[in-house]
Amino acid sequence: MSSLLGKSLFEVSGQGPPPNKDFFQFSVTKTEVIWRWWKISLRSDGRNTKPGELRESHNDYLDDSRIQSQVSVVFGPRILQYSQALCQGHYDYLERLPDPLLLHILTHLELEDVARLGHTSHRFRKLCRSEEFWEQAVRGHCGSVSAEVEALALELGWKSVFFTSKLQLQKQISRRRKRSQKLLCTDLERYDVDTMVERSEDPESHAADIEPGSESDPGPEQLCTDMQRCGMIAGQGRGVAQGDCSADSGSSLK
């Protein structure tokens, strides 16, 4: 477990309470406590004041009531208690575990416990609200996730997918299918119409580039076929606009 401890065990910085405008930094390492301060003042006599630094061993810090009082005033009593615990050898190993391992631990907790854990620290709050956690929760709850659900999660977020009922998911996936088919039909219609317009606007230049009877020559029969196909695509596009494209709304969550 000692390998989880870095060189710096804890570090915090911030401005002193009003009306104090000085800036402070407090850090605890494996061997010492470091207290730094920067004098900030609009008065001319304070502009040339150099930053200060004080280094003490863990035992000296525990016996130094003056520094402890300053830490409590600037950063609060909770930071003071936490620093005292570190100097006494009480390390928070759980906070120092890597994210993948913490996410694995979270899979064994109930959602109520996860919510409570998210209130214990900034790191756990960020981790419990992350997309990685909610994706893991969805996959663990459903067993397997289809590609359509993954695409929907990219749009709405995994947390929204987790709290959405299966019926609502089916409806939203069905809407995505219809929207995709509508866009596909519209693109096909636009492509074929544009192609026919180009041929009709400049038939001589098009014919000049193609030798009669060659493989590139569409011929009158092919042109008629293209015109008929363009009309069919246009008709399909109008049908899609009216809601004729349908899609299965079967369950995507296994």
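Which residues in H2 meet which residues in H3? Gln-68, Val-71, Ser-72 and Phe-75 in H2 are in contact with Pro-77, Ile-79, Leu-80 and Gln-84 in H3, contact meaning heavy atoms within 4.5 Å. This is a predicted model, in which local features need pLDDT of at least 70 and side-chain atom pairs count only at pLDDT 80 or more, whereas totals for chains, interfaces and linings use all residues. Residues are numbered from 1 along each chain as its sequence is written, and side-chain values use heavy atoms, with hydrogens and water left out.

**First stop: the helix pair**

Select residues 65–75 for helix H2 and residues 77–87 for helix H3. Helices (H or I, at least four residues) and strands (E, at least two) are DSSP runs, numbered from the N terminus. The axes of H2 and H3 come within 7 Å and cross at roughly 135°; axes are lines fitted to C-alpha atoms, for helices over the stretch in contact, and angles run from 0 to 180 degrees between N-to-C directions. H2 is therefore oblique to H3, the class left once angles under 35 degrees (roughly parallel), over 145 (roughly antiparallel) and 65 to 115 (roughly perpendicular) are set aside.

**Second stop: the sheet**

Next, select the open sheet of four strands, whose order is E1-E2-E3-E4 with antiparallel pairing; two strands pair if DSSP finds at least two bridges between them. Its edge strands are E1 (8–15) and E4 (52–57), each pairing on one side only. The twist averages 10° from one strand to the next.

Now highlight E2 (residues 23–29) and E3 (residues 32–38), which are joined by six bridges. These two strands form a hairpin with two residues between them. Gln-25 has Arg-36 in E3 as its bridge partner, and Val-28 has Val-33. E3 is also joined to E4 by six bridges, and Trp-37 stands opposite Gly-52 in E4.

Display H2 again: this helix lies across E1, E2, E3 and E4, running at about 60° to E3.

Finally, select Arg-78, Glu-95, Thr-120, Ser-121 and His-122, which lie nearest the centre of the largest pocket among its 13 lining residues. A pocket is an open set of points on a 1 Å grid over the protein atoms alone, where a 1.4 Å probe fits, with protein on both sides within 12 Å along at least five of seven lines; lining residues have an atom within 4 Å of a point. H3 and helix H6 (122–128) each supply at least two residues of the lining.
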